[in-house]
Amino acid sequence: MSNVEDFLTQTQEQQIIDAIRVAEKNTSGEIRVHLERNSEKDPLERAKEVFYFLKMDKTKNKNGVLFYVAVDDKKFSVLGDEGINNLVSEDFWYSIKDAVIQHFSTGSYADGLKEGILATGEKLKEFFPFQTNDNDELSNEISSG
Ligand code: CA
Ligand code: CA
């Protein structure tokens, strides 16, 4: 069994999916989590590749957000599409990243991701409020590979 599967218990995985669902009730933005064992690349560079691989650049309002984790190295990055980046300050992403990393440093990976996801949902609500005709454009399931 790879470390990707060991990284979160089934319960934690479900909690994260629930957090994505809750966050997406606030906003039309789409949040995804991607886990992989490791990458030699800088986590933000790697997140950009994964972002395109998961077709997260295809949302109507360019408001996808990817939480990327290289689980062996405990490396993390968060990446938003241009629709969001045009509106939020860079500080916002740093604050999300800091909150997540702080949990990671104590081994609370699931709590870190949940907190980051929920804070992202709250922030996106300001710019991309939930629409009654909202589509779930991107799966809420955690992807790994
Ligand atoms: Ca949506
Ligand atoms: Ca979704």
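Start by selecting Glu141. This residue is partly exposed, with a relative accessible area of 45%. You are looking at a predicted model. Glu141 sits in the loop between α6 and β4.

Next, select the calcium ion (ligand 1). Which residues coordinate this ion? They are Glu30 (OE), Asp134 (OD), Asp134 (OD) and Asn135 (O), at 2.1 to 2.8 Å. Along the sequence, the donor residues follow the spacing E-x103-D-N. Glu30 lies in strand β1 (residues 30-36), while Asn135 is in the loop between α6 (109-127) and β4 (143-144), so the pair ties together parts that are 105 residues apart in sequence.

Stay with these two residues. Is Glu30 buried or exposed? At 1% relative accessibility, Glu30 counts as buried. Asn135, at 54% relative accessibility, counts as exposed.

Now show the calcium ion (ligand 2). Glu30 bridges the calcium ion (ligand 1) and the calcium ion (ligand 2). The two ions lie 5.5 Å apart.

Move on to the loop between α3 (43-53) and β2 (64-70), and select Lys55 there. Check the backbone angle. Most residues other than glycine have a negative phi. Lys55 has a positive phi, near 60 degrees. Lys55 is also exposed, with a relative accessible area of 52%.

Last stop: Lys62, in the loop between α3 and β2. Lys62 is not a glycine, yet its phi is positive, at about 50 degrees. Lys62 is partly exposed, with a relative accessible area of 30%.

Note on methods:
Residues are numbered from 1 along each chain as its sequence is written. Chains are lettered from A and ligands numbered from 1 in the order in which they are written. This is a predicted model: local features need pLDDT of at least 70, side-chain atom pairs count only at pLDDT 80 or more; totals for chains, interfaces and linings use all residues. Side-chain values use heavy atoms; hydrogens and water are left out. Donors are N, O and S atoms within 2.8 Å of the metal (3.2 Å for Na, K and Ca); water is not among the atoms, so sites may look incomplete. Helices (H or I, at least four residues) and strands (E, at least two) are DSSP runs, numbered from the N terminus. Buried means under 20% relative accessible area, exposed over 50%, partly exposed in between (1.4 Å probe, protein chains only).
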